[in-house]
Amino acid sequence: MALISWSPMLSTGVQEIDDQHKKLIDLVNKLNDAMHAGHGKEALATVLNELVKFTVYHFGTEERLMGQHKYADSTAHMGEHKKLIQDVSAFKAKFDSGNAMISTELMNFLRDWLSKHIMQTDKKFGKALNEAGVK
Ligand SMILES: [Fe+2]
Ligand SMILES: [Fe+2]
């Protein structure tokens, strides 16, 4: 069962960002499914890597748009991105060295972070982009 589902409530009003959010949601669900299916460490590591890589790529896209449009609230927004990357990288290092497992707790953390960040921080950014003519 999907841990998070896309809904129009999550739309930022910017197609490129929404498309990437859909892909992020798919990857979070994929990791959750792999955990519940009891897949081994190698299989989980593959999905975790994919999720981390795509998250970095996605934050890069948003931050490029912030620069292009001189977004006023970019420092706080980028700070949220940076904190998540730090947290997830620390977890990944523990996981890779065999000192952590993919858990319900981790999955709930990712779900809550993603929905809160999209609903508040990315939507606010999307609105500013819309006002600058980006759809
Ligand atoms: Fe985002
Ligand atoms: Fe963001």
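Predicted model: local features only at pLDDT ≥ 70, side-chain atom pairs only at ≥ 80, totals over all residues.

Trainee: Which residues make up the largest nonpolar core?

Mentor: The largest nonpolar core is made up of twelve residues: Ile4, Leu24, Ile25, Val28, Leu31, Met35, Leu48, Leu51, Ile102, Leu110, Leu114 and Ile118. Two or more of these residues come from each of helix H1 (15-36), helix H2 (41-68) and helix H4 (104-131). H1 is the biggest contributor, giving five residues.

Setting aside neighbours within four places in sequence, leucine 51 is in contact with Leu27, Val28 and Leu31. There is also a second, separate core of six residues, with Val14, Leu65, Ala128 and Leu129 among them.

Now let us look at the helices around the core. Two packed helices are described by the angle between their axes and the distance between the axes. H1 and H4 pack at about 175 degrees, and their axes are 11 Å apart. That angle makes H1 roughly antiparallel to H4. On the H1 side, the residues that meet H4 are Ile17, His21, Leu24, Val28, Asn32 and Met35. Their partners in H4 are Met107, Leu110, Arg111, Leu114, Ile118, Asp122 and Gly126.

The axes of H2 and helix H3 (residues 74-96) come within 11 Å and cross at roughly 165 degrees, which makes H2 roughly antiparallel to H3. This crossing of H2 and H3 is left-handed. From H2, the contact involves Ala45, Leu48, Val52, Thr55, Val56, Phe59, Glu63 and Met66. H3 brings Ser74, His77, Met78, His81, Ile85, Val88, Lys92, Phe95 and Asp96.

Finally, step back to the whole protein. It has four helices and zero strands, so its pattern along the sequence reads α-α-α-α. Buried residues account for 20% of the 135 residues. Of the contacts between residues at least 6 apart in sequence, 75% join residues at least 24 apart. The C-alpha atoms fill a box of roughly 45 × 25 × 20 Å along the principal axes.

Notes. Residues numbered from 1 in each chain as written. Chains lettered and ligands numbered in written order. Buried ≥ 20, exposed ≤ 12 C-beta atoms within 10 Å, placed from the backbone. Contact = placed C-beta atoms within 7 Å. Core = buried A, V, L, I, M, F, W, Y, C linked by C-beta atoms within 7 Å. Axes fitted to C-alpha atoms, helices over the stretch in contact; angles between N-to-C directions. Parallel < 35°, antiparallel > 145°, perpendicular 65-115°, else oblique. Left-handed = near helix turned anticlockwise from the far one by under 90°.
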